[in-house]
Amino acid sequence: LHSTSRRQRQMCIRDSTNAVIIYTGNMEKTIVKMIKNFTREKYETVMCIVAGMTGVVLPLKLVTALCFQYWNELIWVQLLQLCGIACLLCMILYLAHVYMEAPKAFTYKIKNYLYRHKWLIFFGLFIVWMFLSFLANKRYSDYQGLSAALYGIPSRNEGILLRTLEFVMAAGLLAVSDGRKKRRVLNLLLAASLLLAVPVLAQSNDGLADILGLSGNEAFRYMAEEGRYASVLNYFNHYGYYLCTMIVLSGSMLMLAETAGGVCFSLFVYVINIITLNINNTFGGWLAAGISLIVLLFIMTGRFHGYKSRQAIYPYFKLFAAVILFFLISGAMEKNGEGKFSQTREFFFDLGEVARDSESDEAKAAGTGRWKLWVECAGFIMEKPVFGWCEDGIADRYSEAGFVQDRPANEYLEYAAFYGIPGAAFYLAAVFWIAADRLCKVRKLTPETLICAAAAMGYLISACFGNTTNYVTMHFFVLLGFAMGDS
């Protein structure tokens with residue numbers, strides 16, 4: 001009996017081992033087959049789906065807040081992180097496909113790809129420097145510091161991991177060349193901006209709020225408290241910079257729209273977002289949008305220079321009309337001498353005060369106190385010029401200096417303060433290289449690539465007056481990824 005029981009156990013172990021080997025072999029075959037079938041077309045489709053998901057995060061947040069009174073900031077940031085992780089896995093899968101197709105040529109293809117997109121090297125160096133800054137500041141010494149550095153402080157939810165995934169998103173979308181797929185993502189972003197404008201428009205018009213049934217909605221009252229015109233974002237100026245990007249995006253799509261439906265949709269989104277931005281009253285976002293549209297007008301002059309056909313010149317005149325419309329709507333919304341044009345006059349007055357005496361009280365109050373923030377931040381940068389203060393490391397320093405703000409209201413100074421001057425230099429080198437490359441090829445760019453480049457430019461100009469924020473910055477890297485492509 002004992003020997004029989006032992007033989008049965010041995011047979012059971014052998015059968016189990018064989019089953020595991022068969023299962024492992026089948027799984028390996030399945031994975032290999034999946035990698036082989038993951039072609040360039042499928043890669044582009046999945047990447048565009050992931051990019052589209054980043055665009056619907058804010059509308060989902062709005063719908064759940066208004067319909068279910070559910071407001072959990074962290075879950076939406078985690079959804080953005082999941083989009084970035086999905087993008088990373090997609091890239092790994094496609095690289096494995098390329099390797100399996102031609103193992104010997106794989107290294108050559110990677111080198112050639114980096115040669116054609118040299119700015120990726122600078123983005124890679126920026127990511128490395130972020131983690132070096134993290135280690136140099138020893139933010140890992142306690143759990144609270146580790147969490148703040150990797151995931152961001154609770155009021156921001158923007159740490160090193162999310163920033164890394166944003167760059168991964170841009171690098172992954174760079175390979176998308178299908179213009180139709182790009183346009184679907186861009187249309188989704190514009191449709192999302194329309195939905196986000198609803199609570200702000202309702203907030204400024206009680207009649208519209210009653211029609212939409214929002215007057216008694218608890219989440220709507222929370223959004224509208226203290227006169228905040230921020231939609232579902234936490235800060236009104238963050239929403240202003242989001243609107244700036246969407247205005248330039250819709251204006252660019254209006255310029256290059258080829259169908260009547262495309263023109264009408266882009267024009268409608270463009271007008272609604274301009275009205276919403278004026279209600280929102282973020283002057284930095286408005287100024288950046290206006291500058292971006294004017295700069296784009298000059299760039300398009302170069303693109304269409306020498307063209308004589310009506311079909312080629314027509315987009316330029318649409319853009320010209322869009323620029324005029326931007327300022328006409330802004331002028332029409334001036335009330336009692338208060339509005340964007342009066343704020344523009346104050347802005348140039350502030351510039352004069354700074355030029356005359358940068359240490360005067362008037363100069364420190366310039367740009368709604370931004371100049372003082374920038375000067376203070378410059379001091380922080382010089383204290384730690386190499387590795388910086390790491391993620392949100394200057395928040396306590398600003399508090400000690402008597403500031404309510406925890407960031408410098410300038411993205412480039414923010415990077416220099418967080419990751420040191422070398423970190424900011426890597427980022428700026430990549431951005432300027434991309435901008436110079438796109439300008440040199442402006443006549444050769446496809447309409448979709450040009451649209452994304454213009455919208456990314458709008459964000460980069462607005463970054464001179466604002467901080468990074470998880471939702472809006474992720475949108476920027478989606479647009480930048482599309483803009484960096486070869487076509």
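1. Asn137 touches Lys384, Phe387, Gly388, Trp389 and Cys390, leaving aside residues up to four places away in sequence; a contact here means heavy atoms within 4.5 Å. The model is predicted: local features need pLDDT of at least 70 and side-chain atom pairs count only at pLDDT 80 or more, while totals for chains, interfaces and linings use all residues. Numbering runs from 1 along each chain as its sequence is written, and side-chain values use heavy atoms, with hydrogens and water left out.

2. Asn137 sits in the loop between helix H5 (119-136) and helix H6 (143-151). Helices are DSSP runs of H or I of at least four residues, strands are E runs of at least two, and both are numbered from the N terminus. Asn137 counts as buried because its relative accessibility is 17%; buried means under 20% relative accessible area, exposed over 50%, and partly exposed in between (1.4 Å probe, protein chains only).

3. The side chain of Asn137 reaches the backbone oxygen of Ser133 at 2.8 Å.

4. Val63 belongs to helix H2 (residues 40-68). With a relative accessible area of 35%, Val63 is partly exposed.

5. For the chain as a whole, there are 21 helices and zero strands. Buried residues account for 50% of the 487 residues. Of the contacts between residues at least 6 apart in sequence, 78% join residues at least 24 apart.

Terms used. Polar contact = N/O pair within 3.5 Å; in protein donor to acceptor, adjacent residues only side chain to side chain.
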